[in-house]
Amino acid sequence: MHRSLRRSTAVGIAALAFALAGCANAAPAPSSTDAAADTLDGEVSVYAAASLAGAFDEIATAFTAEHPDVTVVPVYDGSSTLVTQILEGAPADVFASADEANMDKAGDVAVDPELFASNTLVIAVPAGNPKGIADLADLADVTTVLCAAEVPCGAASAKLLDAAGVSIEAASLEQNVTAVLTKVETGEADAGLVYATDVIGRDDVEGVVPDNADDVVNHYPIAALADAPNPDAARAFVAFVLSDAGQAILAEFGFGKP
């Protein structure tokens, strides 16, 4: 009897030790962060500067690959137009501006903005540069279009031209950089000042880097918005843009570090 009892006790202890070992080796429960990521769904409206369109389209694709229940709805335009819409109550979740000045206009509506990219200006000309434009001074002798002064690319253009001592009578002042590029690409203008990222990978236009272009750098901030309809997805999208994966995509499109 005693021997049988000892045997039963030994078996019980072994079973208990095995169970405890199994508990110790079990996979940890998902963190609250992982759980939150897994429950993201709905739409996230991203109001972003026109110059970000190509990069943010790809970022949206990568983001939804990680969060398949989220639909990214991008709205691209000049940063000044976007911030006006946001302040007037547009249902935006995220704001990505091409300069800090327009993010500042958003005030407390933008929650803890962070810089995520930078850009410089080039002279956009049709492929082959038929007018032989070599620098900013040449823009005074051809049909040139610029961004309006309140738009980040317009403010940067004015700064660059002033530093070079060049005065231009622009054929038109556009509300976003995409409109400037379109006029050059369609032949309505001989040249225009756009961001370096706007001409990368295109066959119909090319960029001429003006002297001292590196002295005028636009820094891009991004923020989730205080009244975001989908705050969790908004924060997740901002985090993705700031992540290594988001930064790699921005670099592919020619954006510099913040």
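I count two strands as paired if DSSP finds at least two bridges between them. Helices (H or I, at least four residues) and strands (E, at least two) are DSSP runs, numbered from the N terminus. The model is predicted, so I ask for pLDDT of at least 70 for local features and 80 or more for side-chain atom pairs, while totals for chains, interfaces and linings use all residues. Residues are numbered from 1 along each chain as its sequence is written, and side-chain values use heavy atoms, with hydrogens and water left out.

**Entry 1: the sheet**

I looked up the strand order first. An open sheet is formed by 5 strands, ordered E2-E1-E3-E10-E4, with mixed pairing. Strands E2 (70-77) and E4 (110-119) are the edges; each has a single partner strand, so one side of each lacks a neighbour in the sheet. On average, neighbouring strands are turned by 20° against each other, direction ignored. Axes here are lines fitted to C-alpha atoms, for helices over the stretch in contact; angles run from 0 to 180 degrees between N-to-C directions.

Next, the individual pairings. Strand E1 (residues 42-49) pairs with E2 in the parallel sense, over 8 bridges. I find Glu 43 opposite Thr 71 of E2. E3 and E10 are antiparallel, with 3 bridges. E4 and E10 also run antiparallel, joined by 7 bridges.

Which residue of E10 is the bridge partner of Ala 96? I read off Ile 222. Glu 114 also stands opposite Ile 222.

How many of the 8 residues of E10 are buried? The count is 7, so I note the strand as mostly covered by the accessibility rule: buried is under 20% relative accessible area, exposed over 50%, partly exposed in between (1.4 Å probe, protein chains only).

**Entry 2: helices**

Helix H3 (residues 53-66) lies across E1, E2, E3 (94-96), E4 and E10 (218-225). H3 runs at about 175° to E2. Helix H4 (residues 79-87) lies across E1, E2, E3 and E10, at about 135° to E1.

I also looked at Ala 179, in helix H7 (residues 177-185). Its relative accessible area is 21%, so Ala 179 is partly exposed. Ala 179 and Gly 78 are 101 residues apart along the chain, and their C-alpha atoms are separated by 9.7 Å.

**Entry 3: cysteines**

I searched for cysteine sulfur pairs within 2.5 Å, the disulfide cut-off. The count is 1 disulfide. Cys 147 and Cys 153 form it, with sulfur atoms 1.7 Å apart. Their S-S torsion is about -100°, so the disulfide is left-handed. Cys 147 and Cys 153 are both buried.

**Entry 4: aromatic rings**

Rings of Phe, Tyr and Trp (its six-membered ring) pair if their centres lie within 6.5 Å; planes under 30 degrees apart count as stacked, over 60 as edge-to-face, the rest as tilted. The whole structure gives 7 aromatic pairs. I noted Phe 63 with Phe 240: edge-to-face, 6.0 Å centre to centre, 75° between the planes. Phe 63 sits in helix H3 and Phe 240 in helix H9 (residues 231-242), so the pair ties together parts 177 residues apart in sequence. Phe 63 and Phe 240 are both buried.

Where does this pair belong? One aromatic cluster takes in Phe 56, Phe 63, Phe 116, Tyr 195, Tyr 220, Phe 237, Phe 240 and Phe 255.

Note on methods. Contact = heavy atoms within 4.5 Å.
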